[in-house]
Amino acid sequence: MNVLTQKWPFYISGTVLAFMIVLCLYLFDDTIGMSDGMLVVSEYCNTAVQEKMVESPPPLDWQTGFLGGIFIGALAASLMSGTWKFKLFQEGEKGIMRKFLTTAACGLGGGFLVMLGLQLTGDSFFGQWAAAIQLSAGAWVFLIACFVVASGVAILLERRREGGGKA
Amino acid sequence: MEPLSLTGNYKLVVAILVGMFFGFLLVKSDLAWRKNCLNMLLLKDGSLLKTLLLSITIGVTLFFFAEKIGLVHLKVRPSYFWASLIGGIICGLGLAFCCRVPLTAIVSLASGRIYVLWTIAGMLLAIPFVKLISGWLSKSVYDWSEPIKTQQQVTSYFDVNNTALWISGIALLLGIFVHFTLGKEEGGGK
């Protein structure tokens, strides 16, 4: 198997993910995640909008560096494995207007709710994952609630979508 | 032994490198694609679930032994029962619609899925909103329960009171169950 071009099977992905989380705890003595990096970017955007000007790029600390690193790594991996695709709309709808509205509504609304939930718990999703590995009861409550609700709502939406055209 | 606890420029450089590897891992393990995430939530495809359950099984065990020899410290932010529960419900609701968390949104954007910018915009909008209602949150959700305590004191991994053993065992059994029950659909990265 070519590790650079092929997909990784679950036993490799799962093992590497677990090792990476513990490795980050060793390297940084802190959990990793995107929310803190996004907080910095959000604060930067807020200041730029209020002052109606962009004087300098966002501050480069380890969290925004991590964010940039993810972008570079994902770009390299998708180019190497041939999964890089330019897509303006998510799949599943027909008609350009319908596609646009569904993509915007699902993206904006879904993203808002995901970050709202994460901010309420005070950590990123992978931060919660790392906390679950450290046996944090709060993280387990969060993850179980999140997956049960997400799965339930997704199944309901799918049933509604499949039954929509039959009535 | 102690954690490395990098600081300054070393921390920044290592964070970029670790981020790059994470980005690579998320693409290679199919964790970043909308279709794969949706198929996992619809219980049509078990491969992502197996990856996540295996990471729990190995991660919990690895952390237990790494903490025992002092390689890592417990780093958990304070959590409150109601905040975790309500946060999980809201996050799950959002996940059903956009099928992405902040980390996978950045990975998808880097992989050419430009429409993820809507998701990232939604995420960035939520941050000032939480600031706006933070006063109300501290008097309600965070005030309804005491912070949850997490630390446990067990000396042996095979102690029946060891939560790590139970969690990794249950995750392993669930993973085996998922392996033999849920099918596999082709990934959305193609």
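**Close-up views of a predicted two-chain model**

Buried residues account for 47% of the 167 residues in chain A. The model shown in these views is predicted. It scores ipTM 0.91 and pTM 0.89.

**View 1. Chain A is built from helices.** The secondary structure of chain A comes to 6 helices and 0 strands. Read from the N terminus, its elements run α-α-α-α-α-α. Take the contacts in chain A between residues at least 6 apart in sequence: 50% of them join residues at least 24 apart.

View 2. The average pLDDT of chain A is 85, and 90% of the residues score at least 70. Among the elements of chain A, helix α2 (residues 35-51) has the lowest mean pLDDT, 70. Helix α4 (residues 96-121) of chain A has the highest, 93.

View 3. Chain B averages a pLDDT of 88. In this chain, 94% of the residues score at least 70. Confidence is lowest in helix α7 (residues 134-139) of chain B, at a mean of 82. It is highest in α4(B), at 94.

**View 4. Chain B meets chain A.** Here 101 residues of chain B are in contact with 103 residues of chain A. Several helices of chain B give two or more residues to the side that touches chain A. They are α1 (8-28), α2 (34-41), α3 (47-68), α4 (81-98), α5 (102-110), α6 (116-132) and α8 (163-181) of chain B. By class, this side of chain B has 69 nonpolar, 23 polar and 9 charged residues.

**View 5. Chain B has two assigned domains.** The domain assignment of chain B gives domain 1 (1-76 + 156-190) and domain 2 (78-149). The C-alpha centres of domain 1 and domain 2 of chain B lie 20 Å apart. Across the boundary, 9 residues of domain 1 of chain B are in contact with 9 residues of domain 2 of chain B. On the domain 1 side, the elements that give two or more residues are α1 and α2 of chain B. The largest share of that side, 4 residues, comes from α2(B). Its residues divide into 7 nonpolar, 1 polar and 1 charged.

View 6. In soluble globular proteins, nonpolar side chains tend to be buried together.

**View 7. Helix α5(B) is mostly covered****.** Of its 9 residues, 9 are buried. The buried residues of α5(B) include Pro102(B), Leu103(B) and Thr104(B). Just after α5(B), Gly112(B) takes a positive phi of about 95°.

**View 8. Val107(B) has contacts in both chains****.** Leave aside its neighbours within four places in sequence. In chain A, Val107(B) is then in contact with Ile70(A) and Ala74(A). In chain B, its contacts are Gly23(B), Leu26(B), Val27(B) and Ala32(B).

Definitions and conventions. Residues are numbered from 1 along each chain as its sequence is written. Chains are lettered from A and ligands numbered from 1 in the order in which they are written. This is a predicted model: local features need pLDDT of at least 70, side-chain atom pairs count only at pLDDT 80 or more; totals for chains, interfaces and linings use all residues. Two residues are in contact if their C-beta atoms, placed from the backbone, lie within 7 Å. Ala, Val, Leu, Ile, Met, Phe, Trp, Tyr, Cys and Pro count as nonpolar, Asp, Glu, Lys and Arg as charged, and the others, Gly among them, as polar. Domain bounds come from an automatic or database domain assignment. pLDDT is the predictor's confidence in each residue, from 0 to 100. A residue is buried if 20 or more other C-beta atoms lie within 10 Å of its own, exposed if 12 or fewer, and partly exposed in between; C-beta atoms are placed from the backbone.
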